[in-house]
Amino acid sequence: MDPYLLRKLNRERAARRAVIHLTDLGDGRDRVIREGDPVAGDLGAAVAAAFRSGRSGIVAAEGREFFLNVHLPPARIVVIGAVHISQALAVMARTAGFDVTVIDPRTAFATEERFAGVDLVADWPEDVLKARPLDAYTALVAVTHDPKIDDFPLSAALKTGCFYIGALGSRKTHARRVERLTALGHGADEIARISAPIGLDIGAANPAEIAVAILADIVRALRRRPLAGDGA
Amino acid sequence: MDEATDDRLDPLAVAERWMDEGRTLALATVVETWGSAPRPAGSHLVIDGDGNFHGSVSGGCVEGAVIGEAMEVIGDGEPRMLEFGVADETAWRVGLSCGGRIRVYVERIG
């Protein structure tokens, strides 16, 4: 492996960019491919498929054998709202292996005491997401019920293509949210990506159970995300 | 933080750190698995010239043999493809107790 490529690979991974380290198993030559970099022919098709599936493996192309090591950014969850559900969700999501960030400008909610050991930011999502933008490997969970806080990150998540977007609220609340997001220029198909009412329908009856429902919903979105050719 | 984001545990981050310290290194990578292999394709083990290692390519079953080969690779710079399976099916003395088979690519860094 080329030492320069090892540095480049680590730099790309630290910046949460999807990359493939491609090695020709015949002569040992290697390179790092970013998602979206043009790669021609059969190898290009295999590279595109590997970015979608996230699975590393050997491919035969152009009469040669290549190993594709796929590095997708680890999934993380951004929670808007430092509410009771978020307290349970932050703990459970970390146990399940997700990085979690909780954002809430209301300093009465966003306290160290309520979120010990959690990455908590007591600021407006508009400001936080400027410095720490959403990406396709992020799940956005909006649970404040307050349009002033929830709407901006929901709209940003739709534009970014977050792998999961969920919003808390009754059907009535969500109907008004749909109107506001439509007014912001989002199409019906796009808005339909929002999981609302949030979480899998498991009859969750309290904040901790709702957190289970949300986390299960996120895991399903992550593991069953549609691949090209699935017609989705 | 999971393994991929924690620099103390991530084999590629460790490899870069060891490289910066001037150590000679080999990188072993699981490139193919069959059956119930303990570590998926893409898993890394980094080895230095003194036999220090970090990461894993199996649940500890074949690391010893991989480290031995890595010493050779660090010496001559020639990458090698190793295959491990149940002990009686291959020429290797070591095997995977889980019954799976793996191919491990070992290359020098630099």
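**Exercise 1. A pair within chain A**

At 37% relative accessibility, what does A:Arg64 count as, and which residue forms a salt bridge with A:Arg64?

*Solution.* Keep in mind that we are working with a predicted model.

Step 1. Start with the accessibility. Buried means under 20% and exposed means over 50%. A:Arg64 has a value of 37%, so this residue counts as partly exposed.

Step 2. Now look for the partner. A:Arg64 makes a salt bridge with A:Asp27, and 3.4 Å separates the closest N and O atoms. The two residues belong to distant parts of the chain: A:Arg64 is in strand E4 (residues 64-71) of chain A, whereas A:Asp27 is in the loop between strand E1 (19-24) and strand E2 (30-34), and they are 37 residues apart.

**Exercise 2. An arginine with two partners**

Find the salt bridges of B:Arg103 with A:Glu65 and with B:Glu32, then work out which of the pairs joins two chains.

*Solution.* Take one partner at a time.

Step 1. A:Glu65 and B:Arg103 form a salt bridge, with their closest N and O atoms 3.7 Å apart. A:Glu65 sits in strand E4 of chain A and B:Arg103 in strand E5 (residues 101-109) of chain B, so this pair joins two chains.

Step 2. Turn to the partner in chain B. B:Arg103 forms a salt bridge with B:Glu32, where the closest N and O atoms are 2.6 Å apart. This pair links distant parts of the chain, from strand E5 to strand E1 (residues 25-34) of chain B, across 71 residues.

Step 3. B:Arg103 is buried, because its relative accessible area of 14% falls under the 20% limit. A:Glu65 is partly exposed at 32%, and B:Glu32 counts as partly exposed at 24%.

**Exercise 3. The interface as a whole**

How many residues does each chain give to the contact, and which elements of chain B give two or more residues to the side that touches chain A?

*Solution.* Go from totals to details.

Step 1. The contact takes 26 residues from chain B and 21 residues from chain A. About 1,800 Å² is buried between the chains, and carbon and sulfur atoms give 57% of that area.

Step 2. Count the polar links. There are four salt bridges between chain B and chain A, and nine residue pairs are in polar contact across the interface. For the elements, helix H1 (11-20), E1 and E5 of chain B each give two or more residues to the side that touches chain A. H1(B) supplies the largest share, six residues.

Step 3. Sort the residues on this side of chain B by type: 13 are nonpolar, five are polar and eight are charged.

Step 4. Pick out some charged examples. A:Arg13 forms a salt bridge with B:Asp10, the closest N and O atoms lying 2.8 Å apart. A:Arg7, B:Glu16 and B:Asp20 are joined in a network of salt bridges.

**Exercise 4. A threonine in strand E1**

Is B:Thr29 buried or exposed, and which residues are in contact with B:Thr29, leaving aside neighbours within four places in sequence?

*Solution.* Find the residue, then look around it.

Step 1. B:Thr29 lies in strand E1 of chain B. Its relative accessible area is 4%, so B:Thr29 is buried.

Step 2. With those sequence neighbours left aside, the contacts in chain A are A:Phe67 and A:Asn69. In chain B, B:Thr29 is in contact with B:Gly42, B:Ser43, B:His44, B:Arg103, B:Val104 and B:Tyr105.

**Exercise 5. Chain A from end to end**

Describe chain A by its domains and its secondary structure.

Step 1. The domain assignment gives domain 1 (3-71) and domain 2 (76-223). Their C-alpha centres lie 33 Å apart.

Step 2. The chain has eight helices and nine strands, and its C-alpha atoms fill a box of roughly 60 × 40 × 30 Å along the principal axes.

Step 3. Of the 232 residues of chain A, 49% count as buried. Among contacts between residues at least 6 apart in sequence, 57% join residues at least 24 apart.

Definitions and conventions
Residues are numbered from 1 along each chain as its sequence is written. Chains are lettered from A and ligands numbered from 1 in the order in which they are written. This is a predicted model: local features need pLDDT of at least 70, side-chain atom pairs count only at pLDDT 80 or more; totals for chains, interfaces and linings use all residues. Side-chain values use heavy atoms; hydrogens and water are left out. A salt bridge is a side-chain nitrogen of Lys or Arg within 4 Å of a carboxyl oxygen of Asp or Glu. Helices (H or I, at least four residues) and strands (E, at least two) are DSSP runs, numbered from the N terminus. Buried means under 20% relative accessible area, exposed over 50%, partly exposed in between (1.4 Å probe, protein chains only). Domain bounds come from an automatic or database domain assignment. Contact means heavy atoms within 4.5 Å. Buried area is the accessible area (1.4 Å probe) that two parts lose on being put together, summed over both. A polar contact is a pair of N or O atoms within 3.5 Å; within protein, one must be able to donate a hydrogen and the other to accept it, and residues adjacent in sequence count only if both atoms are side-chain atoms. Ala, Val, Leu, Ile, Met, Phe, Trp, Tyr, Cys and Pro count as nonpolar, Asp, Glu, Lys and Arg as charged, and the others, Gly among them, as polar.
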